[in-house]
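I opened the notebook to look up a few local features of this structure, taking a loop, a sheet and a helix pair in turn.

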Amino acid sequence: MSVSVETRDVSITFGAGPAAVRVLPGVSFSVSPGECFGLVGESGSGKSTVLRCISMLTDIWTGDILIDGKSVRAMPLIERCRMVQMVFQDPYGSLHPRQSVRTVLNEPLAIHKLGNREERMRKAITDVGLPLSFLDRFPHQLSGGQRQRVAIARALILEPSLLLLDEPTSALDVSVQAEILNLLQRLREERGFTYIMVTHDLAVVDHMCDRFAVMLHGEITEVLPRDAIPANGATHPYARELIGASLEYENAH
Ligand SMILES: Nc1ncnc2c1ncn2[C@@H]1O[C@H](COP(=O)(O)OP(=O)(O)OP(=O)(O)O)[C@@H](O)[C@H]1O
Ligand SMILES: [Mg+2]
């Protein structure tokens, strides 16, 4: 099932009193069902915060976030977890060192009291291209790419419709990055997932995303189609500069 996502005037303030910092002054964008939507922009511009708001990892934001037309605030926890899952940048930090892959994959199934656990775990591990024997491995017995596959399997096990990907390949070697991006691409084609993907790499946007938003200081400067990259079709100065720098880098390498 594919779902749409809409954020309307989402704003978040961290801290209180004179120390209060308003990080997203009012972010609005829409993502179509089955689309891969990129979020790019400088460090600290609020990309991860947008994903944390959508997934309700933080709930102190104002505005509206609708998934398939339904407010995420109104969704019961179980429905939300089965609808939205997140994959983080650091596959080393996101897996507990003393938990086997089986334990990692079993946890969401146990929390949500789902049946056929062994079957679901086998399917999830196979779906991400790992052999079944990996269910009995621990994180230190996995490569970075394999760990990220496990993190993706954990996200898939509740059969979500929306995946929020926060720089899912930036901690990996270039060749492994390509493998993981191809895996994500294949999963989206097969399952019709909607993706929102944070990346600092416009080559990744070019490879994966249909459209992307360029963020600066918590605001979206511009939403562009992927094919605006090669000829730098951005109109906002910061977006033009970002794309220009990336094209220069590519030409030089
Ligand atoms: N819990 C928090 N408390 C206070 N400030 C926060 C909190 N979370 C994020 N911020 C601030 O919000 C801003 C946006 O952070 P965010 O992590 O969303 O940036 P980002 O675009 O993902 O950056 P990067 O590319 O470095 O990952 C930063 O200035 C950060 O310091
Ligand atoms: Mg971030």
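Before looking at any residue I noted the cut-offs for exposure: buried means under 20% relative accessible area, exposed means over 50%, and partly exposed lies in between, with a 1.4 Å probe and protein chains only. I also noted that this is a predicted model, in which local features need pLDDT of at least 70, side-chain atom pairs count only at pLDDT 80 or more, and totals for chains, interfaces and linings use all residues. Residues are numbered from 1 along each chain as its sequence is written, chains are lettered from A and ligands numbered from 1 in the order in which they are written, and side-chain values use heavy atoms, without hydrogens and water.

**Entry: the loop**

I looked up T235, which is found in the loop between β10 and α8 (237–252); helices (H or I, at least four residues) and strands (E, at least two) are DSSP runs, numbered from the N terminus. T235 is exposed, with a relative accessible area of 64%. With residues up to four places away in sequence not counted, T235 touches E222 and R240, contact being heavy atoms within 4.5 Å. T235 and E222 are 13 residues apart in sequence, and their C-alpha atoms are 7.9 Å apart in space.

**Entry: the sheet**

I traced an open sheet of six strands with mixed pairing, in the order β6-β7-β8-β3-β9-β10, where two strands pair if DSSP finds at least two bridges between them. β6 (84–87) and β10 (219–225) stand at the edges with a single partner strand each, so one side of each has no neighbour in the sheet. I then followed β7 (residues 162–166) and β8 (residues 194–198), which run parallel and are joined by five bridges; T194 in β8 is the bridge partner of L162. Helix α6 (residues 174–191) lies across β3, β7 and β8, at about 155 degrees to β8, the angles running from 0 to 180 degrees between N-to-C directions of axes fitted to C-alpha atoms, for helices over the stretch in contact.

**Entry: the helix pair**

How far apart are the axes of α3 and α4? Helix α3 (residues 101–111) and helix α4 (residues 117–127) pack with their axes 10 Å apart, at an angle of about 120 degrees. I recorded the residues that meet, among them V101, L105 and L109 in α3 and R120, M121 and I125 in α4.
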